[in-house]
Amino acid sequence: PRLGPGHAQRAALRQRRVSTSALGVGSDFDEHLLAQVAEAGGGNFHFIEGASQIPEFMGAEVGEALAITARDVVLVVEAGEGALVESLNDFTCTREGDAWRIELGSMFGGQMLDPVLRLTLPGGTEGGTRDVHVRVEDREGALGAPSGSVSFTWKGHAENDAQERDRVVDRRVAFLYAARAGREALAHNRAGDFEAA
């Protein structure tokens, strides 16, 4: 489903340091839509079984808002001309020149995120290299703008396929693809397109 005009309003409120969280009560709600509402508003999405848990939810939300360490955290990827960067976690990803900005939202002390990105580079000459630089920014500079880089070398298909795989990353990517497929199937199901689902 599309978020419509409310999405832009939540994003504007987020710029003014107003976050929007979403709460699903019981079992009859659109989980995908509420998760998108919370993500666009820089807040959280929670599921509770009944109304008696609402005070606990509100207390956790207010306490978390007071404990925010870094606001509007953005992962900046400078990948060079012709590169394409995509967030497999569905974080908002926008292009600015040769750089890509992945919006991670506000973070609080002890929180860990594992953004997974797909980087597509244009073809190059075998043996040529490209450095990709990554840094983290936040509104007040609370994180200190940590940065890093990785260098890619163009090789033939056989050499590329012979590289050792990072199984932890492989499993994370497989999980994200499976979750995306589940969300798409649910959207098709709700639209009545059961064959596509």
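## Notes on the predicted model

1. I begin with Ile-102, which, when residues up to four places away in sequence are not counted, touches Val-73, Val-74, Leu-75, Val-77, Val-85, Ser-87, Phe-91, Thr-92, Cys-93 and Leu-117. Please keep in mind throughout that this is a predicted model.

2. Ile-102 belongs to the largest nonpolar core, which has 14 residues, and it is listed with Val-73, Val-77, Ala-79, Val-85 and Leu-104 as the members that touch the most other members. The elements that give two or more residues to this core are the strands β3 (68–78), β6 (99–108) and β8 (129–137).

3. One of the residues touched by Ile-102 is Cys-93, which lies in strand β5. With its neighbours within four places in sequence left aside, Cys-93 is in contact with Val-85, Glu-86, Trp-100, Arg-101 and Ile-102. Cys-93 counts as partly exposed because its relative accessibility is 23%, and buried would require a value under 20%. From Cys-93 to Leu-117 the separation is 24 residues in sequence and 9.8 Å in space, taken from C-alpha to C-alpha.

4. For the chain as a whole, five helices and nine strands are assigned, and their order along the sequence is α-β-α-β-α-β-β-β-β-β-β-β-α-α. Buried residues make up 22% of the 197 residues. Among contacts with a separation of 6 or more, 63% are between residues 24 or more positions apart.

5. Which residues of helix α2 (residues 31–40) are buried? They are His-32, Val-37, Ala-38 and Ala-40. The helix α2 is followed by Gly-42, which has a positive phi, near 70 degrees.

6. Two residues other than glycine deserve a second look for their backbone angles. Most residues other than glycine have a negative phi. Asp-72, however, has a positive phi, near 50 degrees, and this residue is found in strand β3, where it is buried, with a relative accessible area of 16%. Asp-90 also has a positive phi, near 70 degrees, but is found in the loop between β4 and β5 and is partly exposed, at 32% relative accessible area.

7. The side chain of Asp-90 also deserves attention, as it meets that of Arg-180 in a salt bridge, with N to O at 3.0 Å. Since Asp-90 lies in the loop between β4 (84–87) and β5 (92–96) and Arg-180 in helix α5 (residues 167–190), the pair ties together parts that are 90 residues apart in sequence. Asp-90 forms a salt bridge with Arg-183 as well, and here the closest N and O atoms are 2.2 Å apart. Arg-183 is likewise in helix α5, so this pair ties the loop between β4 and β5 to a part 93 residues away in sequence. Arg-183 is partly exposed, with a relative accessible area of 28%.

8. How many salt bridges are found in a search of the whole structure? The search finds eleven. Another of them joins Glu-137 and Arg-135, with the closest N and O atoms 2.9 Å apart. Both of these residues are partly exposed, Glu-137 with a relative accessible area of 24% and Arg-135 with one of 27%. They take part in a network of salt bridges that links Glu-78, Glu-96, Arg-101, Arg-135 and Glu-137.

9. My last point concerns the second largest pocket, whose volume is about 1400 Å³. The lining of this pocket consists of 40 residues, and those that lie nearest its centre are Leu-117, Leu-119, Phe-152, Asn-160 and Gln-163. At least two lining residues come from each of β3, β7 (117–120), β8, β9 (147–153), α4 (157–161) and α5, and β9 gives the most, with six residues. By residue class, the lining divides into 20 nonpolar, ten polar and ten charged residues.

Key:
Residues numbered from 1 in each chain as written. Predicted model: local features only at pLDDT ≥ 70, side-chain atom pairs only at ≥ 80, totals over all residues. Heavy atoms only, no water. Salt bridge = Lys/Arg side-chain N within 4 Å of Asp/Glu carboxyl O. Helix = DSSP H or I, 4+ residues; strand = E, 2+ residues; numbered from the N terminus. Buried < 20%, exposed > 50% of the residue type's maximum accessible area, 1.4 Å probe, protein only. Core = buried A, V, L, I, M, F, W, Y, C linked by side-chain atoms within 4.5 Å. Contact = heavy atoms within 4.5 Å. 1 Å grid on protein atoms, 1.4 Å probe; cavity = no way out; pocket = protein on both sides within 12 Å on 5 of 7 lines; lining within 4 Å. Points joined across faces, edges and corners; volume = space filled by probe spheres on them. Nonpolar A, V, L, I, M, F, W, Y, C, P; charged D, E, K, R; others polar.
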